[in-house]
Amino acid sequence: MGLQLKQFLLTLKSLAFTALLIGGLGAGEASAQDGEKLFKQNCSSCHKINQNMTGPALKGTRERWEGREELLYQWIQNPAAVADMGDNYVKALLDEWMPRSGLMNAQAVNKEEIDAILDYVDNWEPPAPKVADDAVAETASVDQDGGISSTWLLIVVFILLILVFSLWGVRSSLNKLQKAMAEAEGREIRPEMPFGEKAKIWLWDNKVYVSIAGIFVVVYLAVAGYDALMGVGVYTGYTPDQPIAFDHKLHAGENGVACVYCHHSATKSKHAGIPSTNICMNCHKGINEGRSEEGTAEIQKIYAAVGWDQDRQEYTGEENPIQWVKVHNLPDHAYFNHAQHYVVGQIECQECHGQMQEDYTVAGQYAPLTMGWCINCHNETAVQMDGNGYYDEVHGRLVDHNKEELKKYLEDGTITARELGGWECSKCHY
Amino acid sequence: MANNKQYWAGLEELHETQEFKKASENEFISDPKSVDEFLTDSATSDSSPDRRDFLKFLGFGVTAATIAACETPVIKSIPYTNKPETITPGVPNYYASTYYDGLDYGGVLVKTREGRPIFIKPNKASGQVLNARINASVLSLYDSTRLRGPLQNGTPVSWDELDQELGSKLKAANGSIVLLTGSVISPSTKAVFRKFEKAYGTDKVKFVSYDALSQNAIRKANERTFGKSMIPDYDFSKAKVIVSVAADFMNDWLLHTQNTAQYIKTRRPDGDWMSRHYQFETALSLTGTNADERGAIKPSDEGRVLVALHNEIAKMTGGASVSINTDGLPNELIAKAAKDLYTNRGDSLLVAGCNDTDLQVVTNGINRMLGNYGTTISTDTELFIKGGNDAEMKKLVDDMNAGNVGALLVLGTNPAYTYPDSDAFKSGLEKVATTVSFASWNDETASLCGFVCPDHHYLESWNDFYPKTGNYALAQPTISPLYDTRQAQDSLLKWSGEEEVYSDFMKGVWRNYAGEMGGDEILFEDFWFNALRRGFVNIDVPSGVGIGEFNSDALGAAAGRIAGRKAAGDGFEVVLYTKVGIGEGTQPVNPWLQELPDPITKITWDNYIAMNPADAEQYGFKMHYGQELPASVARLTIGAMSVELPVIAQPGQKRGTVSVALGYGRGGNQEEVGRAAFRTKPYGGHALDDNGNKMPIGANVYPMVALGKDGMVYYAEGANIEDAGRTFEIASTQTQHTLMGRTSVVKETDLNTYKNGDVKEYNPPYVLPVHEGGKVINKPVQDVDLWAEHPVAGVGHRWGMSIDLSTCTGCSACVTACHSENNVPVVGKDEVRRGRDMHWMRIDRYYSSDMNMERGEEEGKGVIGTYREMEVPQYDNPKTIHMPMMCQHCNHAPCETVCPVAATTHSNEGLNQMTYNRCIGTRYCANNCPYKVRRFNWFNYKAYDKFTEVNPSQDEMARMVLNPDVTVRARGVMEKCSLCVQRIQGGKLEAKLKGKPINDGAVQTACAEACPTNAITFGDLNDTKSLVLQGHKDKRAYYALEDVGTKPNISYKVKVRNT
């Protein structure tokens, strides 16, 4: 009991100490945290701390504006007014940045907030690279997982081998013994039968089992062969190497970018389209660092493709289009339209493309894209008619025309794509 | 113990015969070859492999193919780096532009996919319609034989080198600098000419323009009669009576794309009135087949016909007549036409096609007598096309030969081919120090010029046009230049020392005139954007300008001169005309046009001598032609010029005359004018003559055009025809000329019967005798059926078409549009000859026959004898009917029931679907189709080398014209009209995306869209307000071969003639 109490007190003490510690640290860093928040809210869309972006890098702003502190506040709050004042430094700044980026917008921040931001900027240190450690840890854990199972496997194999050898040894000693006994008894030793003969005899002796097993083997081979043939030209799971290791999990998953932000032609065209590089640049003009060095290198590939000079923040005009490897290769005689399915049919992308936002693959084929797969969906999927004037009209004709006919359609309560002709050849083949 | 016995393989070894020694030496090859040597050894590669090798190859091949097939194909997909905002891959963009080549003019809408033009459709708001030649022009863009960069003396140079070299040569030109052009109707181009003139000296630079098909006489006649050299604007839509003397005004006469649009407006029997059209002509022309009354005349009699018309009308008005010999003219018809003209004076129109000033003066005189000026002939607006001047051209050729021309720049014309006296032109060209051509191909003229500066194709160019008063039009590029070409205007600007590019220059010109054109200078950018978007700007024209005082003396003098002309001598008269497909011959490279069956003769890929069947019979020429029946070849001689061409028996051709089309025989001196311009061998490759030269298709008859003192005359007298003693295979898509009394195919009536008669008289319902209740009763065919109804009426869509035979002119624009839209393969002459043409739609042309069942019975000819005579069309002046025929999308389709694999089925939207990937090629369906509209892919047209010369899909550039929404069919499958199902699906999707019903007319098939006369209406028969439903319910509506009981979704309307 005494021990327990002592332990409880100790815990309480350490808790209190931790709270104190956290509280104290928190009080000391309050303004820097505000500064970070304010920086992200107001500045980060155009400025980086240690790199030029749309505007100049902010690190060292105070030094550069030394002697013009009041002007700096005014500049941030109302750049247009300061630009007209004719200050030399401001003029130099404008000459350099106006042609590229235009004049900065007025920022709704007060002096205290500006100070907080500048404090944050001044005290900011680039984060130490810790990617390597993560990577090592990850590989280690993978090794461990794999190690356990393979060790077990090795042990089992080893035991089995020992078993096989000892049984073999037993058998050969028995044979020898038999021979020796026969010799001793003076019996005639039967000549060894060839293996083929033995096998024949064995098969004949066990013909019932053999034929049953044979039937299984034949059926298995037929099924496997059929599957293999049906799989010709079906590339489910096809994930070829791509020139850029784009991460769908990061973009669509963690960052929640909508699929059609990049694949925007899915809303109006038969092609969902591989996004053109200028769409990448909508964000990556600003986001030039990945979460790891590899990520940053991949972003650099975008810049190389689109001809973006990161230092000068401008396009060089040298374009090297990215050569992606096409993943979904529908045969030429089949017509598929994304807009029809995504917009009109209101089918989620994931139904055919899988949970891309959870997979780290640049692109992979999820659906088999076989005709059976297509028409199965056409058979099961209800047509999204509500609120679509087109269907109101076409369906209205049916309602006006023949109630009996209509009943046929509504037998199961839904009108599926098949019932509106979704199984007809010319819907996809022309 | 050593064994020294010897064994022999046989007696041969024992005796050591020669054969044995040789064989034993070869038993093991002592000199093994390396792999390279083995492969390059021609003896090895030429020898056929033996059985073992064959099996090895086979085994290896099969294994390799299997392994290769198992691997996932790696296809690269390259998105835009910087996607243009307006382009969405998979969604077409349309750009308004304008086509003009000197003969054809029309506002077009260019359909582009991912920046590639793939289809040309009419910009109907522009007031012009399109013909087959303009529709097909998109294919010429991708031709791989176009020049890929500038040439100097036949060798490629860079533009900079050329500019430098040529600039100094032009500056140093000794003599005048002449810019020889076709008719230029572009205001900005003319402004460029002014800059050029200024740069090189106004006195030095001269401009000469000439037309291959000249209408110079009309300008000259107006100068004589009204004191102004001009061509007035004709309005066919206001004319209640139209009389045309040899003017093929729907094919090549003046602004024919506008004429057609206007003409057809009043050819509808359901309107308030229907115009009556008389045609006097020699050859049966496209316009002639549409005439209500047609008179066949000799070309030399055109003048006499006009004067006779004048006299008849003068009789009625009480004017003075000119005495003239009217022997041999269709006087009865002339009197009838004159009476109609007079009755409708002020609402009538007389046009003449000949390039003869006297005749045009008389035409003007008659129109003035009738008071047509100010009504059907505009006194306010004039046409600026056909500005060529024959006399100036003749003078230029003389000047060139005299050595007075220092530099000649040839733009938009090809005089070495089209100029009648091309030999004089060529010899003159040799005397010109600096010669420049802007041709896109290294053609007849370009190959003789020192500098060739290839111009852009029109789909790559900026331009503007001013074809008639008040109508401005723009052309804009729809694709980046494919080759290293430069627009001619840019070249001229550069050589004039201007920095500006033509597109900016043109915009500048327009900025100056924006105010005049109803725009605003301040809001110019808006105006410009809208003008480009629409493709044209029409402004109001001040009315009451007047045309000037009529000079009656000129009329009398001209009529007198015509009356005084001496009669044509013996021998044949030859008419030189342009064909619907080939025109002047500017697109010989275009296989779509070469394969387009001529609307009249239905012959493809060839030029021929058309002769009246009676004449042909007399000469002993072959009367029938087909797969195994070649045509006779005749030698046609005029003076020193002679050509050998196959002879066609053409009903309607005036006896004693023949006609030969211009525009053939391109590349006679092996010029690179395109692969499709040359004859091909039956199994691929170009046919070569004895000298190893490629042989052009047809013969060039431009040299037969006479250069009279009045200008170019497109007929000749005194021609001699003789049998060349050989035959020539020709490819025709229709060798059956008459209907043989099959009234269920085509129905026709006259206007009076239609207006006043009962529907049973002109559109009798078809009845079938059936047994019912023990007796035979006649039942309407739609009530007799073997099958249950298709549940298509009232449910969803039911696509259908209505075709008005009254307004179908047979122009075949729909055929090329279909070709272009549906990736229809081109198969070449040999295959067409075998009846394997692939056109999804064809236009059947039927002639009337003198014989019919009743007459045969009366005359006691017997059934066989009657039918035999019914097969023969009327020789001299048959009535002609054009009937577009494509898959009828039968609701009880005979093809569907016989397909063993259900590759052709019926959709719930009324379409007869053809599924290529299911088809196994039994061809039962084609055999069972009563309309014969199914086409079988006998070959792999896109790869088999038989078709390399003709099929665009075998050309890496021309393949870009293929419609990406339509499958390119493989060998061994059937295909046919799908009613443009890709457009139906596209239209439905568009409606669904917008959430709105499909408007009637929003979905159009390619043929309906291209139809210049709206004879084809397409739409949804379940839409109660649709035009197509009205068409189906019309009194004139009938179904082709209704008696077969196929219940088609395509109906026709009875043809009504205003006779």
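This is a predicted model: local features need pLDDT of at least 70, side-chain atom pairs count only at pLDDT 80 or more; totals for chains, interfaces and linings use all residues.
**Domains**

Chain A is divided into domain 1 (30-123), domain 2 (143-192) and domain 3 (371-430). Between the centres of domain 1 and domain 2 of chain A, taken over C-alpha atoms, there are 84 Å. For chain B, the assignment gives domain 1 (11-70), domain 2 (141-213 + 388-534), domain 3 (226-383), domain 4 (568-732) and domain 5 (748-851 + 873-1057). Here the C-alpha centres of domain 1 and domain 5 of chain B are separated by 57 Å.

**Where the chains meet**

Next comes the contact between the two chains. On one side 48 residues of chain A take part, and they are in contact with 43 residues of chain B. Several elements of chain A give two or more residues to the side that touches chain B: helix 13 (277-284), helix 14 (293-306), strand 3 (324-325), helix 15 (338-344), helix 18 (389-401) and helix 20 (418-422). Helix 18 of chain A supplies the largest share, seven residues. By residue class, the side of chain A that touches chain B divides into 19 nonpolar, 20 polar and nine charged.

Strand 3 of chain A also pairs across the chain boundary: two bridges join strand 3 of chain A to strand 1 (residues 76-77) of chain B, and the two run antiparallel. Within this pairing, V325(A) has K76(B) of strand 1 of chain B as its bridge partner.

**A seven-stranded sheet in chain B**

Strands of a sheet pair through backbone hydrogen bonds, either parallel or antiparallel. In chain B, seven strands form an open sheet with mixed pairing, in the order 6-5-17-16-15-7-8. Strand 6 (155-156) and strand 8 (205-209) of chain B stand at the edges with a single partner strand each, so one side of each is left without a neighbour in the sheet.

L151(B) has V452(B), in strand 17 of chain B, as its bridge partner. Helix 7 (residues 159-171) of chain B lies across strand 5, strand 7 (176-181), strand 15 (405-411), strand 16 (434-437) and strand 17 of chain B. Helix 7 of chain B runs at about 130° to strand 16 of chain B.

Two packed helices are described by the angle between their axes and the distance between the axes. Here are those values for two pairs.

| Helix | Partner | Angle | Axes apart |
|---|---|---|---|
| Helix 8 (187-200) of chain B | Helix 18 (488-495) of chain B | about 25° | 9 Å |
| Helix 12 (302-317) of chain B | Helix 21 (552-564) of chain B | about 130° | 9 Å |

Helix 8 of chain B passes helix 18 of chain B in a left-handed crossing. From helix 8 of chain B, T189(B), V192(B), K195(B) and F196(B) meet Q489(B), L492(B), L493(B) and W495(B) in helix 18 of chain B. The residues of this contact divide into five nonpolar, two polar and one charged.

Helix 12 and helix 21 of chain B are oblique to each other, and their crossing is left-handed. G303(B), R304(B), V307(B) and H310(B) of helix 12 of chain B make the contact with A559(B), I562(B) and A563(B) of helix 21 of chain B. This contact divides into four nonpolar residues, two polar and one charged.

Technical notes:
Residues are numbered from 1 along each chain as its sequence is written. Chains are lettered from A and ligands numbered from 1 in the order in which they are written. Axes are lines fitted to C-alpha atoms, for helices over the stretch in contact, and angles run from 0 to 180 degrees between N-to-C directions. Helices (H or I, at least four residues) and strands (E, at least two) are DSSP runs, numbered from the N terminus. A crossing is left-handed if the near helix is turned anticlockwise from the far one by less than a right angle, and right-handed if clockwise. Two residues are in contact if their C-beta atoms, placed from the backbone, lie within 7 Å. Ala, Val, Leu, Ile, Met, Phe, Trp, Tyr, Cys and Pro count as nonpolar, Asp, Glu, Lys and Arg as charged, and the others, Gly among them, as polar. Two strands pair if DSSP finds at least two bridges between them. Domain bounds come from an automatic or database domain assignment. Angles under 35 degrees count as roughly parallel, over 145 as roughly antiparallel, 65 to 115 as roughly perpendicular and the rest as oblique.
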